[in-house]
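Please look over the sequence and the model before reading on.

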Amino acid sequence: MSRAVAGPLMREDGRGIPRSLPLLAALVEAEAQSAAAAAAARPTDSGLVRAFRRRCCCCADAAESDLVRSFRGGAAPKVPIRTFLERIHQLTRIDGNCFVLAGIYLTRFIPSADAMEAGILVEPATVHRLVAVAVLLGAKFAGHSPVKWTRVFQDSSEGAIRAGEMADLEGCFLRAIDFRLFVDRAGFDSFCKILERGPWVPSAEGGCACKKRQADAVAGEEDDCKRLVSATSARQTRSPERTSAAASLLPLPAVLSH
């Protein structure tokens with residue numbers, strides 16, 4: 001990593017918390033809120049969209065048995081993401097690199113074929129478990145030993161994430177990203193800049209823009225389902241080139257794409 005780019009994110013505040021922690025928390029919290037708002041504003045499905053959804057569900061049965069049950073099957077923690085991450089840091093004392101790596105791993109998981117098939121997004125129902133396993137993997141890759149981490153996530157989530165869940169969550173996450181944990185200097189620095197930039201905040205728009213978004217959402221529903229069906233087929237024919245693209249950073253859908 002470049003000291004000039006990443007250095008400011010590694011600085012600690014008076015409590016010893018690296019700056020990368022609140023920046024990552026702000027990014028994923030904004031993403032979860034955006035997903036919740038989009039779900040609330042989504043129009044009622046048409047008959048055509050429902051037909052697409054039924055087809056997608058048939059294709060995603062295998063993925064649901066693992067990813068959906070793992071990331072949506074348990075109780076959603078009520079703890080704010082920043083508080084959740086601060087508790088993890090307090091219990092483990094991991095450094096700021098781990099939170100940057102966690103964010104990078106999330107950008108690899110969300111657009112993965114497995115996550116798309118299962119419909120897993122960064123949203124209120126999934127965000128804590130996604131962040132938990134991403135931080136765990138970031139800590140392991142950064143050289144921190146998780147030997148004493150058995151109850152870290154359970155205690156940090158006030159019992160919502162059970163200690164016994166983490167092994168399954170980690171396995172599902174790793175398979176979805178094809179075990180791509182390596183991050184080169186350019187990729188690390190690139191995501192540091194994304195964290196510095198912070199969440200994208202939409203500007204105020206008039207009624208016409210809102211109506212256009214609603215119309216786009218109707219068309220988008222069909223496109224989403226088509227993409228899910230295509231992803232199911234693509235999952236069976238993954239190429240070596242996809243696995244080797246360790247440094248490519250695909251942004252979180254709603255927040256980082258602007």
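In which kind of crossing, left-handed or right-handed, does α5 pass α8? The crossing of α5 and α8 is right-handed. As with everything described here, this comes from a predicted model.

**The α5 and α8 pair**

The axes of helix α5 (residues 81-92) and α8 come within 11 Å, and they cross at roughly 30 degrees. Angles under 35 degrees count as roughly parallel, and α5 and α8 are therefore roughly parallel to each other. On the α5 side, the contact is made by Ile 81, Phe 84, Leu 85 and Ile 88. On the α8 side, Val 127, His 128, Val 131, Ala 132 and Val 135 take part.

**The nonpolar core**

The largest nonpolar core holds 62 residues, and Phe 71, Leu 85, Phe 109 and Phe 173 have the most contacts inside it. Helix α8 (residues 127-141) supplies the largest share of this core, with 10 residues. Leaving aside residues up to four places away in sequence, Leu 85 touches Leu 21, Leu 24, Ala 25, Phe 99, Val 131 and Val 135.

Helix α10 (residues 166-176) is mostly covered, with 8 of its 11 residues buried. Among these buried residues are Glu 170, Cys 172 and Phe 173. Just after α10, Asp 178 takes a positive phi of about 55 degrees.

Is Arg 108 buried or exposed? Residues under 20% relative accessible area count as buried, so Arg 108, at 3% relative accessibility, is buried. Arg 108 lies in helix α6. In sequence, Arg 108 and Ile 177 are 69 residues apart, while their C-alpha atoms are 6.0 Å apart in space.

**Confidence**

The chain has an average pLDDT of 77, and 67% of the residues score at least 70. The table gives the two ends of the range among the elements of the chain.

| Element | Residues | Mean pLDDT |
|---|---|---|
| Helix α6 (highest) | residues 96-109 | 97 |
| Helix α13 (lowest) | residues 240-244 | 38 |

Over residues 203-222 the pLDDT stays under 50, and the model has 10 contacts beyond four places in sequence for this stretch. The pLDDT is also below 50 over residues 235-251, a stretch with 33 contacts in the model beyond near neighbours in sequence. Where pLDDT is low, the predicted coordinates should not be read in detail.

Terms used
Residues numbered from 1 in each chain as written. Predicted model: local features only at pLDDT ≥ 70, side-chain atom pairs only at ≥ 80, totals over all residues. Heavy atoms only, no water. Core = buried A, V, L, I, M, F, W, Y, C linked by side-chain atoms within 4.5 Å. Buried < 20%, exposed > 50% of the residue type's maximum accessible area, 1.4 Å probe, protein only. Helix = DSSP H or I, 4+ residues; strand = E, 2+ residues; numbered from the N terminus. Contact = heavy atoms within 4.5 Å. pLDDT = per-residue confidence, 0-100. Axes fitted to C-alpha atoms, helices over the stretch in contact; angles between N-to-C directions. Parallel < 35°, antiparallel > 145°, perpendicular 65-115°, else oblique. Left-handed = near helix turned anticlockwise from the far one by under 90°.
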